[in-house]
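This report looks at one protein model, beginning with a term on which the later sections rely and then moving from the whole chain to single residues.

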Amino acid sequence: VQLQASGGGLAQPGGSLRLSCAASGSIFSIMSMGWHRQAPGKQRELVAVITSGGMTNYADSVKGRFTVSRDNAKNTVSLQMNSLKPEDTAVYYCLAVVRRSPGSTWLSYWGQGTLVTVSS
C-alpha cells in the first residue's frame, strides 16, 4: 500500500492551502484516513481524521479552520486548510488504516510527508 501526498507549499498567514493524499496498492477496505503533522523539534500530532462513514475528529488547534474530506471510491483524503497561522508550519503526513483482504488485520500506512510553511 502506498500513500502519495501532494499540495504542500508556502502560504501567508491567513491564507489557504489544500493537501491531498491518494492510497493505492493492495487495498480491500480503508477504515480511516487522515493527517498528522510534525513541526521542528516537536512530536508528531494528529491534525484530522475521517472514517469511511464520514465521522471526523480534529485537533483543537485546527477546529473551525481545517476541513478533512474523503472520496471512498477513489481512496483519497484531502485537507482544506484556511486561516493558516505560522504555528501550522510543519511536515504533514497522511495516514490510512487499511485492510488488505477480508478478515485480515488492520494496518496503518503513512505517506511521505509534505511541507507546509506559513510565513509572511
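## A term and its first use

A residue is called buried when its relative accessible area is under 20%, exposed when that value is over 50%, and partly exposed in between. Because the relative accessible area of Ala48 is 0%, Ala48 counts as buried. The model under discussion is a predicted one, and every value quoted for Ala48, here 0% relative accessible area, is computed from that model.

## Overall architecture

The secondary structure consists of 11 strands and 0 helices, and the order along the sequence is accordingly β-β-β-β-β-β-β-β-β-β-β. Along the principal axes, the box filled by the C-alpha atoms has dimensions of roughly 50 × 25 × 20 Å.

Buried residues make up 40% of the 120 residues. When contacts between residues at least 6 apart in sequence are considered, 55% of them join residues that are at least 24 apart.

## Surface and charge

The protein exposes about 6200 Å², of which carbon and sulfur atoms supply 50%.

## The nonpolar core

The largest nonpolar core contains 32 residues, and those that touch the most other members are Trp35, Val47, Phe66, Val68, Leu79, Met81 and Tyr92. At least two residues of this core are supplied by each of several strands, among them strand 1 (2–6), strand 3 (17–24), strand 4 (29–38), strand 5 (45–51), strand 7 (66–71), strand 8 (76–81), strand 9 (90–99) and strand 11 (114–118). Strand 9 provides the largest share, with 5 residues.

Ala48 is placed in strand 5. Once its neighbours within four places in sequence are set aside, Ala48 is in contact with Gly34, Trp35, Asn57, Tyr58, Val68 and Leu79; of these partners, Trp35, Val68 and Leu79 are also named among the core residues that touch the most other members. Ala48 and Arg65 are separated by 17 residues in sequence, and their C-alpha atoms are 11 Å apart in space.

Ala11 belongs to strand 2, which covers residues 9–11. With a relative accessible area of 6%, Ala11 is buried. Its C-alpha atom lies 6.4 Å from that of Ser119, although Ala11 and Ser119 are 108 residues apart in sequence. Ser119 is also one of the contacts of Ala11 beyond the neighbours within four places in sequence, together with Ser16, Leu17, Leu84, Thr117 and Val118.

## Positive phi angles in two loops

Which residue in the loop between strand 7 and strand 8 is considered here? The residue is Asn75, found in that loop, and Asn75 has a positive phi of about 55° although it is not a glycine. Because its relative accessibility is 22%, Asn75 counts as partly exposed.

Ser83, found in the loop between strand 8 and strand 9, likewise is not a glycine and has a positive phi, in this case of about 50°. Ser83 has a relative accessibility of 40% and therefore counts as partly exposed.

Note on methods:
Residues are numbered from 1 along each chain as its sequence is written. This is a predicted model: local features need pLDDT of at least 70, side-chain atom pairs count only at pLDDT 80 or more; totals for chains, interfaces and linings use all residues. Side-chain values use heavy atoms; hydrogens and water are left out. Helices (H or I, at least four residues) and strands (E, at least two) are DSSP runs, numbered from the N terminus. Buried means under 20% relative accessible area, exposed over 50%, partly exposed in between (1.4 Å probe, protein chains only). Contact means heavy atoms within 4.5 Å. Accessible areas come from the Shrake-Rupley method with a 1.4 Å probe; for residues, only the protein chains shown count as cover. A nonpolar core is a set of buried Ala, Val, Leu, Ile, Met, Phe, Trp, Tyr and Cys residues joined through side-chain atoms within 4.5 Å.
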